[in-house]
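Please look at the sequence and the structure as I display them.

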Amino acid sequence: MEPIVVISILGGLIILFLFIGAPLKPVRFIGQGVIKLLIGALFLFFLNAFGNQFGIHIPINLITSSISGFLGIPGLFALVAIQTWII
């Protein structure tokens, strides 16, 4: 394809989205969910790095990352409590 045609199609799509509006709510919702999952994995990484001295190790997977990401610090403490007293 010619570069002029590709640029024209992209420009037309941009103008179309400006007039009609892009469905930004689902895209924003998915983006925030992914960011929370990454933050949860980061929380678990630091917990495993510093909790290793106390014998605390929580595996980093999709379930634990989503719990610690969406619930925050209380979710992280809940995972530690489950790992310490229940499992």
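Is serine 68 buried or exposed? Please bear in mind that this is a predicted model. Serine 68 has a relative accessible area of 0%, and therefore it is buried; the cut-off for that word is under 20%.

Let us see where this residue sits. Serine 68 belongs to helix H3, which covers residues 62-71. Its side chain reaches the backbone oxygen of glycine 40, at 3.0 Å. Leaving aside residues up to four places away in sequence, serine 68 touches Gly40, Ala41, Phe43, Leu44, Leu76 and Leu79.

Now consider helix H3 as a whole. Its buried residues are Thr64, Ser65, Ser68 and Gly69. Viewed down the axis of H3, these buried residues fall within an arc of 120 degrees, so they line one face of the helix.

What caps the N-terminal end of H3? Asparagine 61 does, with a side-chain oxygen 3.3 Å from the backbone nitrogen of isoleucine 63. Just after H3 comes glycine 72, which takes a positive phi of about 80 degrees.

I turn next to the aromatic rings. How many aromatic pairs does the structure hold? There are two. In general, a pair of aromatic rings is described by the distance of the centres and the angle of the planes.

Phenylalanine 45 and phenylalanine 46 form an edge-to-face pair, with 5.5 Å from centre to centre and 65 degrees between the planes. Phenylalanine 46 also pairs with phenylalanine 50, and this pair is stacked, at 6.4 Å centre to centre with 15 degrees between the planes. Both phenylalanine 46 and phenylalanine 50 lie in helix H2, residues 24-51, where they are four residues apart, about one turn of the helix. Through these ring pairs, Phe45, Phe46 and Phe50 are linked into a cluster.

Finally, how accessible are these rings' residues? Phenylalanine 45 has 48% relative accessibility and so counts as partly exposed. Phenylalanine 46, at 41%, likewise counts as partly exposed. Phenylalanine 50 counts as exposed because its relative accessibility is 56%, and the cut-off for exposed is over 50%.

Thank you for your attention.

Conventions: Residues numbered from 1 in each chain as written. Predicted model: local features only at pLDDT ≥ 70, side-chain atom pairs only at ≥ 80, totals over all residues. Heavy atoms only, no water. Phe/Tyr/Trp six-rings, centres within 6.5 Å; stacked < 30°, edge-to-face > 60°. Buried < 20%, exposed > 50% of the residue type's maximum accessible area, 1.4 Å probe, protein only. Helix = DSSP H or I, 4+ residues; strand = E, 2+ residues; numbered from the N terminus. Polar contact = N/O pair within 3.5 Å; in protein donor to acceptor, adjacent residues only side chain to side chain. Contact = heavy atoms within 4.5 Å. Arc of directions from axis to C-beta.
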